[in-house]
Each structure stands twice: as C-alpha cells, then as structure tokens.
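Please look at the sequence and the model first.

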Amino acid sequence: KPFSAGMLIGFLARTDDSAAQAAIGAYLLGQNRFRESADWLSAASRTGNVLANLMLARVYQLEARDLEGDARKEAMEFVLEQYLHAIAVGSDEAMFALAGLYLDGDYGEDNVESGLALLKQSAELKNPNALMWLGHLYAEGTHVPKDEALAVDYFQQAAATGDTRARLQYVRFLLA
C-alpha cells in the first residue's frame with residue numbers, strides 16, 4: 001500500500017500522539033461526526049492539548065443546540081468543563097469563547113459579570129476578537145456604561161494586533 005499522510009496521522013494517533021488525535025478529531029468534527037470526534041479529542045485533551053479542549057467544547061456546544069432540558073444542561077456543563085481546562089493553562093481563545101456564552105446568558109444572568117471579566121482577561125492577552133467585542137460593548141453601552149473613549153481604545157488595540165478583521169472593524173467604527 002502506498003504511503004499517505006492519513007496513514008501516518010492514524011499511526012501517530014494510535015500511539016497516543018495528541019496532535020494527531022486532535023487532527024483526527026478536527027477532521028471528524030468537520031464531517032459532523034460529533035461522537036467520534038469527541039472520542040479522539042478527549043484522548044488528546046488528556047495530555048494537556050489545549051486545542052483539543054477548545055474543539056471538544058465546540059463539539060459539546062454543537063450537540064447542545066439540538067437538545068432540551070437536562071440533556072442540554074449536561075452538554076453545556078461539558079462545554080464549561082472544557083473551556084475551564086483551557087483557561088487554566090492560559091488560553092485567550094477559551095476565555096473569549098466562554099465569555100460569549102456567559103454574556104449571551106447560556107449559564108444564567110448571574111454570570112454576565114463573569115463574562116465581562118473573562119472578556120477583559122482575554123483582551124489583556126491581546127485577543128483581537130475580545131478587543132473588538134469590548135469596543136462594541138462600550139460603543140453601544142451593552143453590559144457596560146457607554147464610553148466612546150474606551151470603545152476607541154479597544155478598537156485601536158484590536159487593530160494594532162495586525163488582525164485584518166480588527167482593522168476593518170476599527171475603520172467601520174470610525175466611519176460610523
């Protein structure tokens with residue numbers, strides 16, 4: 001049989017290579033094969049693979065959107081657990097994602113303040129998405145007092161990261 005990259009990734013994944021396991025999990029996630037994806041991503045996350053935690057949270061989140069009641073609550077608890085694991089090792093992406101869930105009320109109105117704190121923590125780590133979102137929040141006065149100067153500051157910081165979307169958002173904000 002001729003050699004293929006897929007064969008190598010499969011071999012490495014079966015020998016507990018967390019990057020290969022995460023790659024297979026990501027592929028299966030892209031195929032909407034959530035259960036199989038979760039199995040590979042769970043294996044990868046056991047070794048501290050933050051990317052696996054982030055993707056695993058996404059798998060559970062995608063599953064939760066089609067559930068109701070206790071089943072949805074349980075899936076969202078798995079989402080929370082995965083994001084908290086990634087946050088524990090400093091993932092600004094996990095901070096941003098969990099902040100979004102908190103601010104959207106997915107974990108109750110009591111967690112909105114926690115969402116703002118996580119969003120600010122992610123922004124301190126120069127996450128362009130967190131910086132842009134804070135800019136929007138301060139520009140609109142949503143969840144925070146309206147503050148044009150802070151909005152400008154957050155949009156400027158976001159643009160300074162070099163992120164193309166952040167630069168475009170800053171220009172749109174200035175034009176508005």
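## Helical fold of a predicted model

The secondary structure of the protein comes to 10 helices and 0 strands, where helices (H or I, at least four residues) and strands (E, at least two) are DSSP runs, numbered from the N terminus. Read along the sequence, the pattern is α-α-α-α-α-α-α-α-α-α. This is a predicted model, in which local features need pLDDT of at least 70 and side-chain atom pairs count only at pLDDT 80 or more, while totals for chains, interfaces and linings use all residues. Residues are numbered from 1 along each chain as its sequence is written, and side-chain values use heavy atoms, with hydrogens and water left out.

**Overall dimensions and burial**

- The C-alpha trace of the protein spans about 60 × 40 × 25 Å along its principal axes.
- Of the 176 residues in the protein, 43% are buried; buried means under 20% relative accessible area, exposed over 50%, and partly exposed in between (1.4 Å probe, protein chains only).
- The protein exposes about 9800 Å², and carbon and sulfur atoms supply 53% of this area. Accessible areas come from the Shrake-Rupley method with a 1.4 Å probe; for residues, only the protein chains shown count as cover.
- Among contacts in the protein with a separation of 6 or more, 42% are between residues 24 or more positions apart; contact means heavy atoms within 4.5 Å.

**Helices H2 and H3**

- Helix H2 (residues 18-30) packs with helix H3 (residues 34-45) at an angle of about 160°, and their axes are 8 Å apart. Axes are lines fitted to C-alpha atoms, for helices over the stretch in contact, and angles run from 0 to 180 degrees between N-to-C directions.
- That angle makes H2 roughly antiparallel to H3; angles under 35 degrees count as roughly parallel, over 145 as roughly antiparallel, 65 to 115 as roughly perpendicular and the rest as oblique.
- H2 and H3 cross in a left-handed sense, meaning that the near helix is turned anticlockwise from the far one by less than a right angle (right-handed if clockwise).
- On the H2 side the contact is made by residues including Ile24, Leu28 and Leu29, and on the H3 side by residues including Phe34, Trp40 and Leu41.
- The residues of this contact of H2 with H3 divide into 10 nonpolar, 4 polar and 1 charged. Ala, Val, Leu, Ile, Met, Phe, Trp, Tyr, Cys and Pro count as nonpolar, Asp, Glu, Lys and Arg as charged, and the others, Gly among them, as polar.

**Helices H9 and H10**

- H9 and helix H10 (residues 164-175) pack at about 150°, with their axes 7 Å apart.
- H9 and H10 are therefore roughly antiparallel to each other.
- The crossing of H9 and H10 is left-handed.
- H9 contributes residues including Val152 and Phe155 to the contact, and H10 contributes residues including Tyr170 and Phe173.
- The contact of H9 with H10 divides into 8 nonpolar, 2 polar and 2 charged residues.

**Val144**

- Val144 lies in the loop between helix H8 (128-140) and helix H9 (148-160).
- Val144 is buried, with a relative accessible area of 8%.
- Not counting residues up to four places away in sequence, Val144 touches Leu116, Leu137 and Tyr138.

**Ser42**

- Ser42 is found in helix H3.
- Ser42 counts as buried, at 19% relative accessibility.
- Leaving aside neighbours within four places in sequence, Ser42 is in contact with Leu56 and Tyr60.
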